Amino acid sequence: MKKASVILSSALVLGTLLAGCGNNNGNNTAATNAPAESAAPSTTTAPAASDAGTAETGKYQDGTYYGTIEADPETGWQTYALLTVEGGKITKADWNAFNIKTAGDLKKKVSEDGKYGLVKKGGAQAEWHEQAAKAEAFLIEKQDPAAIAVDAEGHTDAISGVSVHVNDFVSAAQAALAAGPAQAGPYKDGGYFAEGEMDKESGWKSTVALTVANGNIVAANFSGVNAAGDDKKQYSIDGKYGMKAGGASAEWHEEIALAEKYFLENKGAAPKLDAEGKTDAISGVSIHVGEYFTLAEKALEGAK
């Protein structure tokens, strides 16, 4: 009996050692085995603290971090990273983007709704939001944006299943952590829209699209649409609106851009307006802008 007990104990010890070796293989299981994005939340959350990250405890100050990089001049997308730190560790990560040209929905929502078309149009194996979720999970595991090694084109081989450019995410996350905890604004993140009635005289209906990130208004698009479906801003850019031909000092899209700038800088507050909806508070703006500020306020009702 004593000899059999010794043999059994030895076998148990050997089995434990082999199991430990089998688990110490260096694979990034949290990244490679991430669930499909269709079942994942829009913000990636860390696993239990015992499994998360390789960084030392208390590396970061607790709070919410928000950082952006410059917008892509061609597409208009401006990447941002929103990180949550609890107990000194990154526990949530959100890689997203808003469009400074069109405003409206965030990039993840556009991808989730099938409008970004990374698979259909670009031939990718997964949609943008699905790949973003894997990059977020990798950052939570490693606890350091620098752990996402990128090549000269901005791609990475460090995260299985991610073929999109991740350098924007790395830069935005680094900017967020460098800036320190940020104060969130009063609104719910997302895209918000409102439109007015069709003006029988001008033939245009005013439209407003806004984007909120980290609770703040980060993008605004004041435009319009006519019966033919033309976008008023693009119509002006194409030289079809003809304000200068009528004696104005600037075209419609140039003036409305100044109104958008004022709106963003003043966090949605409207300037003093006269009875016609015009203002002297925005230099270079002679057009009617009152309805746009009214519609923006209406759009933001859904963000409260």
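## Salt bridges in a predicted model

Lys233 forms a salt bridge with Glu260, and their closest N and O atoms are 2.5 Å apart. A salt bridge here is a side-chain nitrogen of Lys or Arg within 4 Å of a carboxyl oxygen of Asp or Glu. The pair links distant parts of the chain: Lys233 lies in helix H6 (residues 232–237) and Glu260 in helix H7 (residues 252–265), 27 residues apart. Helices (H or I, at least four residues) and strands (E, at least two) are DSSP runs, numbered from the N terminus.

This is a predicted model, where local features need pLDDT of at least 70, side-chain atom pairs count only at pLDDT 80 or more, and totals for chains, interfaces and linings use all residues. Residues are numbered from 1 along each chain as its sequence is written, and side-chain values use heavy atoms, with hydrogens and water left out.

**The whole protein**

- The protein has 8 helices and 7 strands.
- Of its 304 residues, 41% are buried. Buried means under 20% relative accessible area, exposed means over 50%, and partly exposed lies in between (1.4 Å probe, protein chains only).
- Take contacts (heavy atoms within 4.5 Å) between residues at least 6 apart in sequence: 58% of them join residues at least 24 apart.
- The accessible surface is about 16,500 Å², and carbon and sulfur atoms account for 51% of it. Accessible areas come from the Shrake-Rupley method with a 1.4 Å probe; for residues, only the protein chains shown count as cover.

- Lys233 is buried, at 14% relative accessible area.
- Glu260 is buried too, at 9%.

**A pair within helix H7**

- Glu265 forms a salt bridge with Lys261, with the closest N and O atoms 2.6 Å apart.
- Glu265 and Lys261 are 4 residues apart in helix H7, so about one helical turn separates them.
- Glu265 is exposed, with a relative accessible area of 53%.
- Lys261 is partly exposed, at 46% relative accessibility.

**A pair between strands S5 and S6**

- Lys205 forms a salt bridge with Glu195, and the closest N and O atoms are 3.4 Å apart.
- This pair links distant parts of the chain, with Lys205 in strand S6 (residues 204–213) and Glu195 in strand S5 (residues 190–195), 10 residues apart.
- Glu195 is partly exposed, at 43% relative accessibility.

- A search of the whole structure finds 8 salt bridges.
- Side chains of opposite charge can pair when their charged atoms come close.
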